[in-house]
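I opened a new page to look at how two chains meet. My notes follow the structure.

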2 protein chains.
Amino acid sequence: MPYVIEGLIDSFEKLIERPADEFKRQYDIDVLVNTRAERIDPLQQKVSAINLKNHKRIFVDYDSLVIATGARPFVPPIRGIHLEGVVLLRNYGDGEKIKSLITNGVDSAIIVGAGLIGLEMAESFKKNGVDNVTIVEMADHILPNILDGDLAKIVEKHLQDRGVILKLGEKLVEILGGEGGVGNGESKNGNRRERVRGIKTTKDSIESDLILLGTGVRPNSEIARNAGIDLGYANAIKVDEYMRTSISNIFAAGDCATATSYVTVKDTYLPLGTTANKQGRIAGENAAGGNAIFRGIAGSAISKSFDLYFGRTGLSFEEALKEGFEPAEETIESITRSGYYPDNKPIWIKIVSDKKNNGRILGSQIVGGEGVKGRIDLVALALLLNANIADLASYDACYVPPASPVWEPVNIAASQLIKVIKSKSIL
Amino acid sequence: MPYVIEGLIDSFEKLIERPADEFKRQYDIDVLVNTRAERIDPLQQKVSAINLKNHKRIFVDYDSLVIATGARPFVPPIRGIHLEGVVLLRNYGDGEKIKSLITNGVDSAIIVGAGLIGLEMAESFKKNGVDNVTIVEMADHILPNILDGDLAKIVEKHLQDRGVILKLGEKLVEILGGEGGVGNGESKNGNRRERVRGIKTTKDSIESDLILLGTGVRPNSEIARNAGIDLGYANAIKVDEYMRTSISNIFAAGDCATATSYVTVKDTYLPLGTTANKQGRIAGENAAGGNAIFRGIAGSAISKSFDLYFGRTGLSFEEALKEGFEPAEETIESITRSGYYPDNKPIWIKIVSDKKNNGRILGSQIVGGEGVKGRIDLVALALLLNANIADLASYDACYVPPASPVWEPVNIAASQLIKVIKSKSIL
């Protein structure tokens, strides 16, 4: 959606993978839209639902059930959260609303939360003529779930160089309503809603016409919990490797469900489209009698803001410590093309490995102008295969001047980390 | 060098990693330039050499010796090969010569050999105003050492759409000299050399002012052989994993030496810069008393011509058959960005795996507008780790619309190959 709001893509409809009626036409699958599932009865094997247009109740029988209720944005319980001009970005309605606010000449925006959505939207706002774009982040650096502080600094500078104002280590306390500026806000029942005027943080007051909350999501797991299904990590629906819940003919997949990390072999919750797609396919196959297995996630994530990509997979040094590993880490700066080739871009690669277990790879964080996706994926595969740091220093990387230097940066980073571990073990 | 000839980079000097005098300044290493090593005496531990400026003989003592004599272009033993206008592309002198021929208005060029250099130079010629560019290739498709025929066809169309003429399944028989057009050719001793007029192939005669031979290279291994050192695959200097030759204090590295494939665990010869760099570092370390090991190569190679990258790693289906595997293969076409994202590019991925050994990965070939390097590298790592096809279908790939579709193409290709293997094992 940030790309539609930015104007790179011309309509939200283009983002729809498959319209509901296509399921009926292609696969003879009934899709009940505008229908809210309200209750699952595991004994009767029935779902009761409400048709939101005519408010009639319907009951749907099932042999197997897949719960794919997704997640919803977390809305912090603070004053002013319902003011006109306070927006989320979860569904197309949200997107349309933001786009119309920008079109109507909003010239300042505050983004609360410097995560993936926050950073994508900072670019989107800036490229749409919103002059003052401020990101407020509680942590002491941006992208706290993606990058350590040292790599985050590179992205911070990139954003600041493009005019984005960063307020780090500041927490949103209250959203301020407009006394003077009433604006054009009108609520659904026809009453004028008070417009937003700015925010108060733990350190400051900042004026703004638009507040975007990018403060994470929560799983829509209540319907499962109410049916007696076990919840797990972060209150997501607990599933096994077959995507089966604690009730054997009920499956769950996607942003409402847990996923097992293949690095720690523990449950976690990381609601991303890639995982949702894979889990959905497996839940569907198994609900139909199959026996497919989800191998789990490494916590791979990537995004881009302006001209910089940033991604991670596996564990950070701190996370590895907490998991009981004995980690070592090294960060190198390299380039994405041969030194002499035009439009060469910098790339920073951090690799974390265990000092024990033969130097087992534990994770990686990468920031760069290009070539981040392929390298994060490579480390994600290394994690699946329990590769060690010598493997990552030794694989036969290919080389062509427009796409890499002759020494592959991942090979370099791994070689450097080997040296670090060796030199420290001598001391 | 093709990039300098094309004009993307403004001088050949920019390609020099480190000038000879830097070694003296930085590391106190004497580099004898303009000096040709002629003979190695392993008993006396001496190299005899000729200073090419004053023709004096010198002797250099050694404790350890590293042979890094590189390779030279293969020049086919046919008539007309020494005509003016017949060029190679190995050293900067060759590059300068080609650049000056183009600057002087050559308007047709024939490239003999549709390998990596041939295809890079086709683009370089075309972008420098050489109207007629013809590639003559003995095999029935271009890039015979990189791609199978089906993927090569995609690159062939790409070249033809950009005006490059392809003559496939045609062998160079003779280079034709010019009777009428004497040209400006002048040999070193001041005599005019006859200029090239075209070539005769097994099927045709083609006129041209410039003939570039891109017919592969041969290792400069004679000095080793004459010292009693064993040669190996393709007459390259046989080395072990320490880069040690058959004489224990003599090492060899780079285009003059063999390399072991970590897929077949057999010696091979694939002279590429990546391998040369790695082998050189290991030979140097071990010549100085170290104990470093070269893990081998997967046969990873990549190049680009116009807007298409093409690469490979590991074995093709045919090569796998010859090596005694029971291969299966599958090719998919996907995209490099989300379907709705601008400048989306196609990518074709072929994966070869063993039907036995739990579906062990054997190789991959990829052609696409971007994202080829990262994916070839990922498969090269999979090969090092003896990964199987389920691993390649399951790793947690990251996703961001400007750099990938939500289903990673390698995941898709591997999943499809699993289906192919399963469906065939049922039949």
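What area is buried between chain A and chain B? I read about 4900 Å², of which carbon and sulfur atoms give 66%. Buried area is the accessible area (1.4 Å probe) that two parts lose on being put together, summed over both. I noted that A:Asp396, A:Cys398 and A:Trp407 supply 15% of what chain A buries against chain B, more than any other three residues.

This is a predicted model, where local features need pLDDT of at least 70, side-chain atom pairs count only at pLDDT 80 or more, and totals for chains, interfaces and linings use all residues. Residues are numbered from 1 along each chain as its sequence is written, chains are lettered from A in the order in which they are written, and side-chain values use heavy atoms, with hydrogens and water left out.

Next I looked up contacts (heavy atoms within 4.5 Å). I found 56 residues of chain A in contact with 56 residues of chain B. 100% of the interface residues of chain A are also interface residues in chain B, so the copies meet through the same surface.

Last, I looked for salt bridges (a side-chain nitrogen of Lys or Arg within 4 Å of a carboxyl oxygen of Asp or Glu). I counted four between chain A and chain B. B:Lys373 and A:Glu408 form a salt bridge at 2.7 Å, N to O.
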